Amino acid sequence: MNLRMPTYYLSHAAGPWPYMVGPIRKQLRLLEQSLRDIPRQLPQLPKAVLVVSAHWEEDEFTVSSSPQPPMVYDYYGLPEELYYITYPAPGSPVIADRVVDLLTSAGWPARSDAWRGFDHGTFSLLAPMYPTADVPVVQLSMKKTLDPVEHLLAGQALARLREEGVLIVGSGQSYHNAGHCQRGDAQPAALFDAWLRCTLLASSPQARRDALADWEQAPAARVAHPREDHLIPLMVAAGAAGKDPATCIYGEVLRGAAASSFRFGADRTPSGFDHLAAPAAAHA
């Protein structure tokens, strides 16, 4: 039985939505269902979850190492009670040290941060996945360069964690230009999503890597990601995936734009939560 963990690139949507009620929570029902389904897809309970969050950038790769991480309320203009929510999962200094060791051994300067807490790129995903907060969580920053090749290689350096029971999650958003969507033009999001699906689902491992490294050449790339902070976590997940195939586990038109999430691993069983599968296949 293969107990190696898959890796994931997940669209995390906006702010602390799992802690909200009303229209926003209802709008994200399909995303929530897809996240709740992820533990079922794993070969075992993770020893820890390593989250590469789109909301943390440092000069060099940095790993949260607090045994009891605090919260980072990285949003604004919401009801006061949403600035008191907690996701009380423990951290793991041991896993944090392991991440630093793997990165530095591969030639990437890396350090730990004992003060960094969970931002919404982490707790918005994990609250539905592990609502009892009983799985240790470690965050990994992106480098401020946002260089896709650097992050693909960093993911490659971290691939060994999969054999050690650590679940690697890249947390971002497959399309991240809310202002453009509000103007009512959904075509750029559809074009970029179709390219992303074709690249991840239908390309050879080498072609996939080359296309991700050169992602700015994709259709509507800079409309989809005026700044690539929400795409770069994908590079770490894909780098750690190696030659493993990808499966789309979530897809819908969300607030006027296509949004998707992906799993990398030998199991290509559909999740049932990809409502964009047919159009993407037709485009390909």
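On this tour, two residues are in contact when heavy atoms lie within 4.5 Å. Keep in mind that you are looking at a predicted model.

**Stop one: helix 2 and helix 5**

Now turn the view to compare the two axes. They sit 7 Å apart, and the helices pack at an angle of about 70°. Angles from 65 to 115 degrees count as roughly perpendicular, so that is how helix 2 lies to helix 5. The crossing of helix 2 and helix 5 is right-handed.

**Stop two: around helix 2**

Stay with helix 2, residues 29–36, and colour Leu30, Leu31, Glu32, Ser34 and Leu35, which are buried there. What covers these buried residues? Show strand 1 (7–11), helix 1 (23–27), helix 3 (38–41), helix 5 (120–129) and strand 7 (246–254), which are among the covering elements.

**Stop three: the cores**

Next, pick out Leu50, Val99, Leu103, Leu140, Leu158, Phe192 and Phe264. In the largest nonpolar core, which has 50 residues, these touch the most other members. Helix 11, residues 232–241, gives the most to this core, with eight residues.

Zoom in on Leu103. Beyond its neighbours within four places in sequence, Leu103 is in contact with Phe61, Trp108, Ala110, Leu140, Ala154, Ala157 and Leu158.

**Stop four: helix 6 and helix 11**

Show helix 6 (residues 148–158) together with helix 11: their axes are 6 Å apart and the packing angle is about 40°. That angle makes helix 6 oblique to helix 11. To see the contact, select Pro148, His151, Leu152, Gly155, Gln156 and Leu158 on helix 6, with Ile232, Met235, Val236, Ala238, Gly239 and Ala240 on helix 11. Eight of the contact residues are nonpolar, four are polar and none is charged. Helix 6 passes helix 11 in a right-handed crossing.

**Last stop: Pro79**

Finally, find Pro79 in the loop between strand 3 (61–64) and helix 4 (93–105). Is Pro79 buried or partly exposed? Its relative accessible area is 41%, so Pro79 is partly exposed. Then draw a distance from Pro79 to Val166: C-alpha to C-alpha, they are 35 Å apart in space, and 87 residues apart in sequence.

Methods
Residues are numbered from 1 along each chain as its sequence is written. This is a predicted model: local features need pLDDT of at least 70, side-chain atom pairs count only at pLDDT 80 or more; totals for chains, interfaces and linings use all residues. Side-chain values use heavy atoms; hydrogens and water are left out. A nonpolar core is a set of buried Ala, Val, Leu, Ile, Met, Phe, Trp, Tyr and Cys residues joined through side-chain atoms within 4.5 Å. Buried means under 20% relative accessible area, exposed over 50%, partly exposed in between (1.4 Å probe, protein chains only). Helices (H or I, at least four residues) and strands (E, at least two) are DSSP runs, numbered from the N terminus. Axes are lines fitted to C-alpha atoms, for helices over the stretch in contact, and angles run from 0 to 180 degrees between N-to-C directions. Angles under 35 degrees count as roughly parallel, over 145 as roughly antiparallel, 65 to 115 as roughly perpendicular and the rest as oblique. A crossing is left-handed if the near helix is turned anticlockwise from the far one by less than a right angle, and right-handed if clockwise. Ala, Val, Leu, Ile, Met, Phe, Trp, Tyr, Cys and Pro count as nonpolar, Asp, Glu, Lys and Arg as charged, and the others, Gly among them, as polar.
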